[in-house]
Amino acid sequence: MTDFKHTKQSNSGSKRAETGELGEKIRQARSVRPGVAAAHAMRQNELTGFGRAFRMASEFVAAIIVATALGFALDAVFGTQPIFMIVLMLLGFAAGVLNITRAAAEMNAAAPKPDPDKLVPIDDDD
Amino acid sequence: MAPTDPISQFNIYTLFSFGTVGADENGANGFELVFTNSALFMVASVVLISSYLILSTRGRGLVPSRVQLVSEIMYEFIANMVRTSAGNEGMAFFPLVFSLFAFIFVANMLGMYPYFFAVTSQIIITAALALLVMGVVIFYGVWKHGFGFLKLFVPSGIPLPIMFIVVPIEVLSFLSRPLSLSLRLFGNILAGHIVLKVFAGFVVSLSALGALGMVGSVLPFVMAVALTGLKLLVSALQAYVFAILTSIYLNDAIHPGH
């Protein structure tokens, strides 16, 4: 977006004033359209509360399911029911927690720093 | 009238058959290639998004028209996402991520039309997409780094005894990715469609009860309207989540060391 504006301005030096005026108009139009700002904020936040919760849940459950299924298969191959399944299920719990901490770290990194003046409770769930 | 039970919308039926392959002399044990309603909506999604992108960028105006602007916004949105999560090398995978996003987005949105089939509510579709992503991640990682790709499972700077615990956990965490990736998309779309249909079904069955029922049916109707809005949001969001997780996983293939 910004490089486009650069080339535009350097290409047409005589019309710079006009472009500046148009740019001012665009900025004004953007500032009076709250929907755009809200969409941008949503993109920054990456997910709604529901989406976040579903992401966490699926990350956790998936690890346990995969680990348990793998353990079950290994038991069937080696005939050692139920040792592998139990051990891998426990490891699966650990992997699920690891997945959740990773996802939470990603979300924290993606979220913008909160403005201390505008710290109000957000009710975007209901 | 359409059936009001919430599951029948996911029925897959044959539209036409391409014929049977691999049948024995009795005509049995063959594999029938059929074109189903699911396939129809997959084709529709691909045709819709391809033709939109091709036709809207045909003019290539320096000052874009409205339709061209939408394509450009989509491009920039995905390009920025890939660049921030997978770096500039990740842009090699931009076509993959963009195709996945566009396909899932359009398929989800098509599924929002009444009587249309939601392709992504079938776990075989989402699983195939997720396995494609993991296949690309593993193939590219091994091709680019060889055994160095296995560094993905070994966090740097931990003592050797801890390795025996951490490495299996990391491997399981990696293996669980395709499942969580596919389950999330499948679960969101399936659950949304079922809930929407349940509330819409209440409207029909309540208003069949007479005047009082019709007054009461306003409540589930309001709920169905609200849920439609939520479903539109979830449909767009899940396409975005699938795309951003794809680029995060691709980042692991490009830079395996933690």
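Trainee: Which residue is the bridge partner of Ser17(B) in E2(B)?
Mentor: Bear in mind that this is a predicted model. Strand E1, residues 14–21 of chain B, pairs with E2(B) in the antiparallel sense over six bridges. In E2(B), the residue that bridges to Ser17(B) is Val34(B).

Trainee: How many residues of strand E2 of chain B are buried?
Mentor: Strand E2 of chain B runs over residues 31–36, and a residue would need 20 or more other C-beta atoms within 10 Å of its own to be buried. The strand is hardly covered, and among its six residues the count of buried ones is zero.

Trainee: Is Leu190(B) buried, partly exposed or exposed?
Mentor: Leu190(B) sits in helix H5 of chain B, which spans residues 160–207. Being buried takes 20 or more C-beta neighbours and being exposed takes 12 or fewer. Because Leu190(B) has 18 such neighbours inside 10 Å, the residue counts as partly exposed.

Trainee: Which element gives the largest share of the side of chain B that touches chain A?
Mentor: The contact takes 18 residues from chain A and 15 residues from chain B. On the side of chain B, the elements giving two or more residues are H5 and helix H7 (218–254). The largest share, 12 residues, comes from H5(B).

Trainee: How many residues on that side of chain B are nonpolar?
Mentor: The residues of chain B that touch chain A include five polar and one charged. The nonpolar ones number nine.

Notes
Residues numbered from 1 in each chain as written. Chains lettered and ligands numbered in written order. Predicted model: local features only at pLDDT ≥ 70, side-chain atom pairs only at ≥ 80, totals over all residues. Helix = DSSP H or I, 4+ residues; strand = E, 2+ residues; numbered from the N terminus. Contact = placed C-beta atoms within 7 Å. Nonpolar A, V, L, I, M, F, W, Y, C, P; charged D, E, K, R; others polar. Pairing = 2+ DSSP bridges.
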